[in-house]
Amino acid sequence: MRQTVGILGTPIDILDTQAALARLEQFIHEGRFHQVATANTDFLINALVDPELQHILRHADLVMPDGMPVVWAARMTRSRLPERVTGADMVPALAELAARKGYRIYMLGAAPEIARLAKANLEAKHPDIKIVGCVSPPLASLVEMNNQEILDDIVRARPDILLVAFGNPKQEKWIHWNRERLQDVPVCIGVGGTFDFLAGKTQRAPGWMQRTGLEWTHRLVHEPRRLWRRYVRDISQFTRYMFKQWWAIRGGYRVGVSEIYAAQTGDCTVLSLVGDFTHALLPRFQAAAEQAINARTHLILDLQQVTAFDGEALGTLINLPKRAAYHDREVRLVAVPRAIADALRRSQIQEGFFTIVGSVAQAFANGQHAGLSWRVQRGKEAAVVQASGESDARTARMLEKVCEGLLAGGKRVDLDARSIGYADTHLLVALYRLTCAHNEVPNGAGGAARFFVIPGPTLKRALTRERQLGKLALRATPDLPRDAVEQTGDSLAALSLEAEEAKTVAALPGLKVSA
């Protein structure tokens, strides 16, 4: 299990540059997709207001501490990071490793002249390096990017390492969004402005400024117009939120006792923690949790007698749901003391990240999370699709097919998305495609639109972040057809849809959908 420290709700891996390189080489040998992020203060602050970015960082395979402020923040949580591991340092080291071992590199992003010069400089420094692609796509929003040619070229090139220089959060979202097409690319890294350093356009700060955490002042002096607002925001916000986390962790009282007790009931393993939940207990806790998850049991954590925790314990807690999900298992918390619950909240573990119940008996009484679900009210000429829950790649595709089927059957469709609690790029792209295919002009002006969206607060914020809010046809409330009928079936095969609609959605069994 990964050793991480939780900083503002993001797990940062505890490793130095050499250990990070070894981890990346391990990923290459494994051969499957891995997403890697280099998280600086800007990443962490952006993640606080962007749920999709926070989700991506929490599910990344490696998150490196990019900058001394992140190292200092770890110390505030009673944990330690060996050193900062920046993208500007890691990419040259990775290039040297690739040249020596024959690994293939693909460079994506940055301005064309910057990318070409960065590639030429790497090839001049490492004559044996294999750079199998260098592409600078036209500037476009994430939702409107034309990815097909890029992805086809990456698949043909078969790189071991994909360097994506779109800037944060676009590069992280692009990698996550296209992970299914990148399954054979072992290492996918968002590298931000690293191509600028490789090309020589931007000069690194002197070594002493890097080591003392003053590199940002060097960059600010050289690019004041572009960076001053960002730095003011990041410094003020990072200081404020880290003070809250430090205060929460400081508020726990250590008793000098750390115990863990395990019991199994049915398909659940209960781990009861007593005393200090800190790095001293972590080896035993991680071993017990790993054993329970590998045995394919749900994991219930009884925290009633926990008195204190640190950043490493927090990092482990953040990682557990992802680890359990690999085996289709869940993690739930039982009897969390008020002080610990408050500390989790101040550490940016939002309400809903864990399901918290009052007793072991209640832990799985309400069933498992169902993801995104919907019901359809259908009339002769129009239909309303009411969606709720949290979107992901699979459910966004399925919802798009349901709407596409109704539209193909000649109906006007209102998608009522007011109850969607999490919207990611997959859903935004689905809405964009439906709008482009079925609305003749933006916003449905002149009554030309056939696909309308009724966004709730969550979807509205996601659309605003990606500058898509003004490109959809919106309604405040759904226009429910007077002749609407609603019939509930146990599967799509049982629904009385028209033949055209049934063909589109018949391949999606197992959902309880109304037609």
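1. Throughout this note, a residue is called buried when its relative accessible area is under 20%, exposed when that value is over 50%, and partly exposed in between, with a 1.4 Å probe and protein chains only. The model is predicted, so local features need pLDDT of at least 70 and side-chain atom pairs count only at pLDDT 80 or more, while totals for chains, interfaces and linings use all residues. Residues are numbered from 1 along each chain as its sequence is written, and side-chain values use heavy atoms, with hydrogens and water left out.

2. On the overall fold, the protein chain holds 19 helices and 17 strands, where helices (H or I, at least four residues) and strands (E, at least two) are DSSP runs numbered from the N terminus. The radius of gyration is 25 Å, close to the 24 Å that the globule rule gives for 515 residues, so the chain is as compact as a globular protein of that length; the radius is taken over C-alpha atoms, and the rule is 2.2 Å times the number of residues to the power 0.38. Along the principal axes, the C-alpha atoms fill a box of roughly 70 × 60 × 40 Å.

3. Of the contacts (heavy atoms within 4.5 Å) with a separation of 6 or more, 74% are between residues 24 or more positions apart.

4. The accessible surface of the protein chain comes to about 23,000 Å², and 52% of this belongs to carbon and sulfur atoms; the areas come from the Shrake-Rupley method with a 1.4 Å probe, and for residues only the protein chains shown count as cover.

5. Turning to cysteines, the count of disulfides (pairs of cysteine sulfur atoms within 2.5 Å) comes to 0. C403 is in no disulfide, and the nearest cysteine sulfur, that of C436, is 15 Å away. C403 counts as buried because its relative accessibility is 0%, and C268 is likewise buried, at 7%.

6. Some backbone details deserve a look. The peptide bond from N168 to P169 is cis, with omega near 5°, and P169 lies in the loop between β7 (161-165) and α8 (170-177). R158, in the loop between α7 (148-157) and β7, is a residue other than glycine with a positive phi, near 50°, and at 55% relative accessibility R158 counts as exposed. D328, which is not a glycine either, has a positive phi of about 60°; D328 is found in the loop between α14 (311-325) and β12 (331-334), and is exposed, with a relative accessible area of 53%.

7. Where does L427 sit, and which residues does L427 touch? L427 belongs to helix α17 (residues 425-438) and counts as buried, since its relative accessibility is 1%. Not counting residues up to four places away in sequence, L427 touches S391, A396, L399, I420 and L459. L427 and V143 are 284 residues apart in sequence, and their C-alpha atoms are 9.7 Å apart in space.

8. A88 is found in helix α5 (residues 87-101) and counts as buried at 17% relative accessibility. With residues up to four places away in sequence set aside, A88 touches T194, F197 and R204. The C-alpha atoms of A88 and I28, 60 residues apart along the chain, are separated by 20 Å.
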